[in-house]
Amino acid sequence: MSSQLTRRDWLRASGLLTASLGLSRFTPAEAAYPAAPLVSTFTNEFAFTDDPFEKMGSLRARLLANENPLGISPNAKQALVKAAEIGNRYAFMEFGQLKKLIAADEGVKAENILMSPGSSDILMAAADNFAKGGGTILTSVMTYDDLLQRAEKQGAKIKALPMTKDYKYDLPAIKAAITPDVKMVYIVNPNNPTGTIVPTAELEAFCREVAPKVPVFIDEAYIDFFEPAERPKLGKLVSEGLNVILARTFSKIHGFAGLRLGYAMAQPAMLRILRDYTNGDFAVSITTLMAGIASYQDKDWQNHCRAENAKARAYTTKALADMGYEVIPSSTNFILFPIRMKTGPFSNQMFAQGIGIQTRDFNGQPYCRVSVGTMDEMAIFMDGFKKVVG
Ligand SMILES: Cc1ncc(COP(=O)(O)O)c(C=O)c1O
């Protein structure tokens, strides 16, 4: 395999994963995408073995894919067993039940929701649709690039503007860069890999101004890590009739990365367009839907996962700060911080200790992105990190 192996190539070559790992090769030296050569994130030997996933099972701390280390809700487990009994039936009723729950929470109508097996399918549908016939997708760098890579392959140009100094989307700059050939704006909020969030009032004002001209796609994969009272509620923009697409996933706080469940919230006309690139609501299995319904209502489990994540994130952030590392404040289940050695050797030495992490090279600066695991895993991470950096 080439050292320019992309995330998708890697997954395809391995043939073992279909789910997104939140992995990215998005490492331009400059803001323009893709003017600078893109270098694989997988600078470690692990990624280049014949069967990288063989090693995945042997990791002592699996901190590379922003998964939920605590597993799925006990109620969701029970629902899976129940669902197995009716696995012979199509899920005619179940996706409607889940949509009703989501609609009530988000202040939208069920017709504003499209279910999907993970949010990646929504991202891909949007990429395929908005790249059709060329044009530009406007975004920021660094960000999650699955949608961008797909759109680029389908013929779109990607214009990625620099982040602000505090690693946030620069919304005024994006607004100023809107030209007639811009087909869609892509915002990841909170952002991956920086973990940062733009102020909600600013984002709402941005959408009200921009969405009447250009669709705004907001990827909210990590939104559930906010305390419910503090969480941005952009569903209201959809109910106002704005051309905003919100992508959500159960892969994070609900721990459904393997079960695969996500959804989009948007105008019904937009959902009809996106649905034509997918298998629609029926793409989700009855087992996943029934587990999803149980998990969605299990607020105790979500609160537990959120609290454990906050605790382990605070512990790691402090431990790194005590060593003089500047961690970017994170609203998610991962953290990003600049490191003082090259990504390749760093990554190799971490993986050699059974610690899976990701790295980025950005503007000549190497970074480590570590997912927040259990407290035990974070202690393993810190111990391994100390050994590597000396
Ligand atoms: C920002 C972002 N969007 C979307 C996804 C896709 O998640 P899934 O397809 O598992 O819902 C991820 C996965 O890590 C992500 O980080």
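Let me open with a question: is Ala-283 buried, partly exposed or exposed? Ala-283 comes out as partly exposed, because its relative accessible area is 30%, and partly exposed here is the range between buried, under 20% relative accessible area, and exposed, over 50%, using a 1.4 Å probe and protein chains only. You'll find Ala-283 in the loop between helix H10 (268-275) and helix H11. Its C-alpha sits 6.3 Å from that of Pro-117, although the two are 166 residues apart along the chain.

Quick housekeeping before we go on. This is a predicted model, where local features need pLDDT of at least 70, side-chain atom pairs count only at pLDDT 80 or more, and totals for chains, interfaces and linings use all residues. Residues are numbered from 1 along each chain as its sequence is written, and side-chain values use heavy atoms, with hydrogens and water left out.

Okay, the overall picture. The protein chain has 14 helices and 12 strands; these are DSSP runs numbered from the N terminus, with helices being H or I of at least four residues and strands being E of at least two. Of its 390 residues, 59% count as buried. If you take contacts, meaning heavy atoms within 4.5 Å, between residues at least 6 apart in sequence, 74% of them join residues at least 24 apart. The accessible surface is about 15600 Å², and carbon and sulfur atoms own 54% of that; areas come from the Shrake-Rupley method with a 1.4 Å probe, and for residues only the protein chains shown count as cover.

Now the ligand. It has 16 residues around it, with Ser-119, Ser-120, Tyr-222, Thr-249 and Ser-251 the closest; to be in that set, a residue needs a heavy atom within 4 Å of the molecule. By type, the shell splits into five nonpolar, eight polar and three charged residues.

Which distances do we get to the ligand's oxygen atoms? From Ser-119, a backbone N or O atom is 2.7 Å from a ligand oxygen. With Ser-120 the side chain does it, placing an N or O atom 2.5 Å from a ligand oxygen. Arg-260 has a polar side-chain atom 2.8 Å from an oxygen atom of the ligand. As for cover, the ligand taken alone exposes 400 Å², and the protein buries 100% of that.

On to a couple of helices. H12 (299-322) has 24 residues and reaches 34 Å from first C-alpha to last, close to the 34 Å expected at 1.5 Å a residue; the expected span is 1.5 Å times one less than the number of residues. Its buried residues include Trp-301, Cys-305, Arg-306, Asn-309 and Arg-313. Among the elements covering them are helix H3 (74-85), helix H11 (286-297) and H14. Just after H12, Gly-324 takes a positive phi of about 90 degrees.

H14 covers residues 375-389, and its end C-alpha atoms are 21 Å apart, which agrees with the 21 Å its 15 residues should span. Buried in H14 are Glu-377, Met-378, Phe-381, Met-382, Gly-384, Phe-385 and Val-388. H12 is one of the elements covering those residues, and strand S9 (334-338) and helix H13 (343-352) are among the others. After H14 comes Gly-390, with a positive phi near 85 degrees.

Glu-220 is in the loop between strand S6 (216-219) and helix H9 (235-239), and it counts as buried because its relative accessibility is 1%. Leaving aside neighbours within four places in sequence, Glu-220 contacts Asn-189, Leu-234, Leu-246, Ala-247 and Arg-248. Asp-146, in helix H6 (residues 146-153), is buried at 0% relative accessibility. A polar contact of 3.3 Å joins the side chains of Asp-146 and Tyr-144; that term means N or O atoms within 3.5 Å, where within protein one must be able to donate a hydrogen and the other to accept it, and residues adjacent in sequence count only if both atoms are side-chain atoms.

A cis peptide bond joins Val-141 and Met-142, with omega about 5 degrees. Asn-189 to Pro-190 is cis too, with omega near -5 degrees. Tyr-167 has a positive phi of about 65 degrees although it is not a glycine, and Asn-363, also not a glycine, has a positive phi near 50 degrees.

Notes
Nonpolar A, V, L, I, M, F, W, Y, C, P; charged D, E, K, R; others polar.
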